[in-house]
Amino acid sequence: MSKLVIVGTIAFDAIETPFGKTDKILGGAATFIGLAASHFNVDTAAVSVVGGDFPQEYLDLLSNRNINLQGVEIVKEGKTFFWSGRYHNDMNSRDTLVTELNTLADFNPVVPSEYKDANVVMLGNLHPIVQSSVLDQMTSKPDLVILDTMNFWMDSALQDLHNVIKRVDVITINDEEARQLTGEYSLVVAARKIHEMGPKYVVIKKGEHGALLFHNENVFFAPALPLEEVFDPTGAGDTFAGGFAGYLAKTNDFSFENMKNAIIYGSTLASFCVEKFGTERMVNLSNEEVHKRLLQFKQLTQFEIELS
């Protein structure tokens, strides 16, 4: 069985959208990535940190999804990372209300020894130095390293970010971040510039407008499934990354053609994530529902045309 290592936050979120608000609920990049990847029957380990205030029921929820938590440090006297945000009416833009790093401020990830030979490593959105330190711990070069990052690190740790980007095979960022990282408005030109930084594959997420995959001169576009209800976009990008990484770890095929399938799986799982607040939809998601929605994606994108 393939091994997948996920590095990222396990956190508390408090969310406000036009459809309601929550108190502190389960969140964090590693949480959403792990829940999505759990649909692919791969040997998955999460590497993260939480405080003594983190409920055992949340840890049980993750371990019940066959996510190994040996790499999750529990700082008994510390508090868990907390983020609070308010979404605007368009659900694409948001204001951060509170960010409390807490235990994350001094986080030094430790990869469990039996996962240091993992086939696939998914570096969730964290400080680039933390992401690099995980790669330094691997005893053999992973078959695939996927990195997610954000504009905050482009503003505050650009050189460190460039250093870790050189070491990865796939980068997943949104369109705004791709433009900031390269200084290019055209996403085609931006992807080419990111290729030159190191990654073989560039995935540019466009939220409700789908995702683009670039590899050399090859481009693939996957739309987002039109949904009747979007309650909360929090974690959708991480869920996409988890589906993408989980599918690739399961199939162990890192060709451009198979990356297309991984994009569709990631988009499918992300379409569920936004239907409820936080992790609620992902926790109760069945494989039958995933299969049904994959068929919807197929019908959405397949057509025959006669070329004269």
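This is a predicted model: local features need pLDDT of at least 70, side-chain atom pairs count only at pLDDT 80 or more; totals for chains, interfaces and linings use all residues.
**Entry 1**

Buried means under 20% relative accessible area, exposed means over 50%, and partly exposed is what falls in between. I need that rule for Asn102, which has a relative accessible area of 29% and therefore counts as partly exposed.

I looked up where Asn102 sits: it is in the loop between strand S8 (94-100) and S9. Its phi is positive, about 50°, although Asn102 is not a glycine.

Then I went to Asn66, where phi is near 60°, again a positive value in a residue other than glycine. Asn66 belongs to the loop between helix H2 (56-63) and S6. Buried or exposed, I wondered about Asn66? It comes out exposed, because its relative accessibility is 62%.

**Entry 1: the whole chain**

I stepped back to the protein chain and found 11 helices and 14 strands in it. The C-alpha trace spans about 70 × 45 × 40 Å along its principal axes.

I checked the radius of gyration against the globule rule. For 308 residues a compact globule would come out near 19 Å, and the chain has 18 Å, so the two agree.

How much of the chain is buried? I get 56% of the 308 residues. The chain exposes about 14200 Å², with carbon and sulfur atoms supplying 48% of that area.

I also looked at how far along the sequence the contacts reach. Taking contacts between residues at least 6 apart, 65% of them join residues at least 24 apart.

**Entry 2: the cavity**

Rolling a probe the size of a water molecule over the atoms shows where empty space is left. With a threshold of 30 Å³ or more, I count one cavity. The largest cavity holds about 30 Å³ of space.

I wrote down its lining: Ile10, Ala30, Thr31, Ala46, Leu62, Ile67 and Leu69. Helix H1 (29-37) and strand S6 (67-75) each give at least two residues to that lining. By type, the lining has six nonpolar residues, one polar and no charged.

**Entry 3: the second largest pocket**

I moved on to the second largest pocket, with a volume of about 260 Å³. Its lining takes in 14 residues, and Asn261, Ile264, Tyr265, Leu294 and Lys298 lie nearest the centre. Helix H9 (256-273) and helix H11 (287-301) are the elements that supply two or more lining residues.

Which element gives the largest share of this lining? It is H11, with six residues. The lining of this pocket divides into seven nonpolar, four polar and three charged residues.

Thr268 counts as buried because its relative accessibility is 0%. Leaving out residues up to four places away in sequence, Thr268 touches Val290, Arg293, Leu294 and Phe297.

Thr239 was my next stop, in helix H8 (residues 236-251). Its relative accessibility is 0%, so Thr239 is buried too. What does Thr239 touch, not counting residues up to four places away in sequence? I list Phe32, Ala36, Gly266, Leu269, Ala270, Cys273 and Met282.

**Entry 4: Ala14**

I picked out Ala14 in strand S2 (residues 11-17). At 12% relative accessibility it is under the 20% cut-off, so Ala14 is buried.

Ala14 and Lys24 are 10 residues apart in sequence, yet the C-alpha to C-alpha distance is 4.8 Å. Setting aside neighbours within four places in sequence, I find Ala14 in contact with Thr22, Asp23, Lys24, Phe82, Trp83, Ser84 and Gly85.

**Entry 5: helix H3**

Last, I went through helix H3 (residues 128-137), where Pro128, Val130, Gln131, Ser132, Val134 and Leu135 are buried.

What covers these buried residues of H3? The cover includes strand S1 (3-7), strand S9 (120-123) and strand S10 (144-148), along with helix H4 (151-156) and helix H5 (158-165).

How values were computed
Residues are numbered from 1 along each chain as its sequence is written. Side-chain values use heavy atoms; hydrogens and water are left out. On a 1 Å grid over the protein atoms alone, a cavity is a set of points where a 1.4 Å probe fits but cannot get out, and a pocket is an open set with protein on both sides within 12 Å along at least five of seven lines; lining residues have an atom within 4 Å of a point. Grid points are joined across faces, edges and corners, and a volume is the space filled by probe spheres set on the points. Helices (H or I, at least four residues) and strands (E, at least two) are DSSP runs, numbered from the N terminus. Ala, Val, Leu, Ile, Met, Phe, Trp, Tyr, Cys and Pro count as nonpolar, Asp, Glu, Lys and Arg as charged, and the others, Gly among them, as polar. Buried means under 20% relative accessible area, exposed over 50%, partly exposed in between (1.4 Å probe, protein chains only). Contact means heavy atoms within 4.5 Å. The radius of gyration is taken over C-alpha atoms; the globule rule is 2.2 Å times the number of residues to the power 0.38. Accessible areas come from the Shrake-Rupley method with a 1.4 Å probe; for residues, only the protein chains shown count as cover.
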